[in-house]
Amino acid sequence: MLDDFFIRALLAGLGLALVAGPLGCFVIWRRMAYFGDTMAHSALLGVALSLLLHVNLTVAVFGVATLVSLALLALQRRGALSTDALLGILSHSTLAIGLVLAAFLTWVRFDLMTYLFGDILAVGQTDILMIWGGGVLVLLALAKIWRPLIAATVNPELAEAEGMEPERTRLFFMLLLALVIAIAIKVVGILLVTAMLIIPAAAARRFAGSPEIMAVMASGLGMVAVAGGLFGSLRFDTPSGPSIVVAALVIFLVSLLPFGQRKTIDQPGPGQRADSRRGGIS
Amino acid sequence: MTELMLHKGNGAEPLVTLRGAGISRGGRWLVRGVDFSVLPGEIVTLIGPNGSGKSTTAKMATGVLKPSEGEVIRRGGLKVGYVPQKLAIDWTMPLTVERLMTLTGALPAQEIDAALAATGIAHMKKAEVHHLSGGEFQRALLARAIARKPDLLVLDEPVQGVDYAGEALLYELIGRIRRQIGCGILLISHDLHIVMAEADTVICLNGHVCCRGTPKAVSESNAYRNLFGARGSAAIAFYDHHHDHEHLPDGRVRHADGTVTDHCHPDDGHHHDHADHAHAGHDHAGHDHAHHDRDHAHHDQAPKGGHRHA
């Protein structure tokens, strides 16, 4: 039953889930889901460039995602448009440019579906090395900036007043996110990358008592989703990337069930003031 | 008061000094010409109406905002404890009071316990911050800031959403913190007339320093003593001040002599018992410095480029 390609797919998926968990927590805490989506959509431009310039796919996707996040920072500084409008512009224009470029690549077979939904069953040994090597690198870097990143997420001004550098930490986090998206493209594809980041993390929130526990649990739940999704896709002959996301969704839905002594959803208390979402500037 | 003087570092190097500091955004001055310093063991209170630049001034002092003009000098290696005016912790982040304490640096367990005990929320250690009441959350933020043993404590409206009895208790606590760890405190108050009795200096801001002085004990005012009771009167003080100019809704300024000008002079308006107007850092070359009978009308005609208040 367990063919070679299936073991490779499992290894790749588990590696991705391991690193996506903690990063996904920050995506949720910092309300960056749309930012993650934008980076993922820009990956199609990375794919087109990698085919055009004959560079490694992961490197090209990482490069484009990094450029997009730098472009966002520069546009935010101009302050003419809101962040979600800027993200919409960046997201869809990079996707469109990628598709237009791909149309010029008449000499290669460009299977759009492979990139949109991933092709985990086709991962090779190099891909597994990339996923695990890159993943461990990202996790080590994340551990190094953990405290400043948590502090900057809670309140950037507080972090800065007490001697931290929240802007630098944020930029560093964006680079780590770009790297994870680059290594995730092969596994779940452009359209489902954000799901791997946020669904396991959202499921973990219910059970976690601290940011650290939530990060570890998100990794664990993501790995369960990968295993469940892949076995399901083998059993029912369904596409593997979407099956993994469906498995993650099932875990999230289970986390909503009212078991245990706590209520399903805690009411936002006074610690969360209704008038400001985070660290309002006055 | 003698007890307090023991804790004030007489002749010590100031923790932070602002000299003619101002912030402009989009061609508009949020606050300008701010001069003050905080010494070790000193409590400086900033008061002023909404939008008068109190938080902006505090952010200049902590280094979050860089002054557009003037200078801010912080003592080398200054350790700051900061309680921001607004802090909304996203519900998606699970955070206990205990974890909140080590947000910007690791701390020994007994110092966490000591800070929580000092602010009276030791029993809340394991509680999620989202489940705290407004007063409890404010105390948790204060505990977090003091557990760091800061040199300078910056408190941006620490008594917001707390009733007068709670306010008096918090002011007592802040006074105790100053005596225990000897830090300087920059305190922002939302109330124009009710301040912490222990404050050494009160600075009233409205886009500039309107006046500065010392609080007058509530016990001297019968009306306020009735309002707060004997307990409150020890910690809360009345700050009695009148300005010789009035800030009009359109941003212009009406002066005592009836003239209306576009801007306020940075050291206008002191009907106050404090006579020491420190002018250090100001550049008033060419200005007439007769204080209260100055003709402000010339501000309108002054050439923009060469004028401080353009």
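**Exercise 1. Describe chain B as a whole and then its helix α6.**

Solution. The secondary structure of chain B comes to 8 helices and 15 strands, where helices (H or I, at least four residues) and strands (E, at least two) are DSSP runs numbered from the N terminus. This is a predicted model, in which local features need pLDDT of at least 70 and side-chain atom pairs count only at pLDDT 80 or more, while totals for chains, interfaces and linings use all residues. Residues are numbered from 1 along each chain as its sequence is written, and chains are lettered from A and ligands numbered from 1 in the order in which they are written.

Of the 310 residues in chain B, 46% are buried, a residue being buried if 20 or more other C-beta atoms, placed from the backbone, lie within 10 Å of its own, exposed if 12 or fewer, and partly exposed in between.

Helix α6 of chain B (residues 164-181) has 18 residues and reaches 26 Å from its first C-alpha to its last, close to the 26 Å expected at 1.5 Å a residue, that span being 1.5 Å times one less than the number of residues. Its buried residues are B:Glu167, B:Ala168, B:Leu170, B:Tyr171, B:Ile174, B:Ile177 and B:Arg178. After α6(B) comes B:Gly182, with a positive phi near 65°.

**Exercise 2. Determine how helices α7 and α9 of chain A cross, and which residues make the contact.**

Solution. The axes of α7 (residues 146-154) and α9 (residues 166-188) of chain A come within 9 Å and cross at roughly 110°, with axes taken as lines fitted to C-alpha atoms, for helices over the stretch in contact, and angles running from 0 to 180 degrees between N-to-C directions. α7(A) is therefore roughly perpendicular to α9(A), a term that covers 65 to 115 degrees. A:Pro148, A:Leu149 and A:Ala152 of α7(A) meet A:Pro166, A:Thr169, A:Arg170 and A:Phe173 of α9(A), contact meaning C-beta atoms, placed from the backbone, within 7 Å.

**Exercise 3. Decide whether A:Gly13 and A:Ala96 are buried or partly exposed.**

Solution. A:Gly13 is found in helix α1 (residues 4-29) of chain A, and A:Gly13 is buried because 28 other C-beta atoms lie within 10 Å. Leaving aside neighbours within four places in sequence, A:Gly13 is in contact with A:Ile120, A:Val187, A:Val226, A:Leu230 and A:Ile244. A:Ala96, in helix α4 (residues 83-104) of chain A, has 13 C-beta neighbours inside 10 Å and so counts as partly exposed.

Methods
Angles under 35 degrees count as roughly parallel, over 145 as roughly antiparallel, 65 to 115 as roughly perpendicular and the rest as oblique. Two residues are in contact if their C-beta atoms, placed from the backbone, lie within 7 Å.
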